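This report walks through a helix, the domain layout and a ligand site. Please keep the structure in view while reading.

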Amino acid sequence: MQIDVITLFPEIVSAPMRTSMMGRAQDKKLLDLRVHDLREFGLGRHLQVDDTPCGGGQGMVLRPEPVFAAMEKVHAPDSRVLLMTPQGRRFDQPCARRLGGESHLIILCGHYEGVDHRVIEHWVDEEISIGDYVLTNGAIAAVVVMDAIVRLIPGVLGDENSAIDESFGPSGILEAPQYTKPAEFRGMRVPDILLGGHHGRINAWKHERALERTRQNRPDLLAGPGSPKP
Ligand code: ADE
């Protein structure tokens with residue numbers, strides 16, 4: 001998969017994407033990441049990229065010319081263009097799975113008070129928000145979205161199962177609590193059932209604890225039609 005990111009803060013994108021699994025995905029050629037500095041497409045001697053909003057209002061808006069120039073450089077017939085913005089549709093695991101099926105993503109990172117709307121009308125396929133809060137810029141959100149997508153590419157995670165048996169996977173509920181060694185730590189014991197080796201009982205226990213955790217932390221996941229049976 002190829003991902004082109006267009007941002008005023010290439011370092012915010014590059015540093016985390018060089019690290020751990022995201023770095024490994026690139027080493028293994030499973031991800032071809034290209035980060036573009038929007039400033040290089042800026043106007044005039046000062047490489048201006050933004051301006052005051054038409055009709056008044058606070059802050060600055062990204063001008064269309066630099067974004068159009070950057071998009072014209074990277075856009076291809078198979079590209080899907082995402083704009084990171086708090087005005088977007090909320091990103092979730094089904095969205096990560098769907099976008100993981102694309103061959104080429106272009107992620108445009110919003111900044112300041114937003115992006116000239118002509119950019120959205122002309123180029124953007126989806127506006128995406130990572131949650132109901134406002135970040136200083138979309139580059140941080142782009143890293144979150146890329147991580148969620150790229151870890152699903154077969155071969156990126158060490159254990160192929162680890163992307164299946166997890167919260168927001170096909171079961172639709174959160175994961176059960178996990179324990180590791182030692183069996184007793186400062187008087188706190190790993191539940192006996194997990195040490196007994198009876199897989200049927202272990203799975204039943206995990207399902208019950210997963211439901212309990214979901215009821216407590218995310219009751220919304222159990223509420224709607226098509227949600228898992230309690
Ligand atoms: N830019 C600023 N806040 C954002 C958010 N919540 N999601 C995506 N991009 C953003």
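## Helix H1

Helix H1 spans residues 10-17, and its residues Val13, Ser14 and Met17 are buried. Buried means under 20% relative accessible area, with a 1.4 Å probe and protein chains only. Helices (H or I, at least four residues) and strands (E, at least two) are DSSP runs, numbered from the N terminus.

The buried residues of H1 pack against strand E1 (2-7), helix H2 (20-27), strand E2 (32-37) and helix H6 (138-150). Contact here means heavy atoms within 4.5 Å.

## Model and domains

This is a predicted model: local features need pLDDT of at least 70, side-chain atom pairs count only at pLDDT 80 or more, and totals for chains, interfaces and linings use all residues. Residues are numbered from 1 along each chain as its sequence is written, and side-chain values use heavy atoms, leaving out hydrogens and water.

The protein chain divides into domain 1 (2-150) and domain 2 (166-222). These bounds come from an automatic or database domain assignment. The domain centres, taken over C-alpha atoms, are 37 Å apart.

## Ligand site

Residues around the ligand include Met84, Thr85, Pro86, Gly131 and Leu135; each has a heavy atom within 4 Å of the ligand. E5 (79-90), E8 (126-129) and H6 each supply at least two shell residues. The largest share, three residues, comes from E5.

Notes:
Buried means under 20% relative accessible area, exposed over 50%, partly exposed in between (1.4 Å probe, protein chains only).
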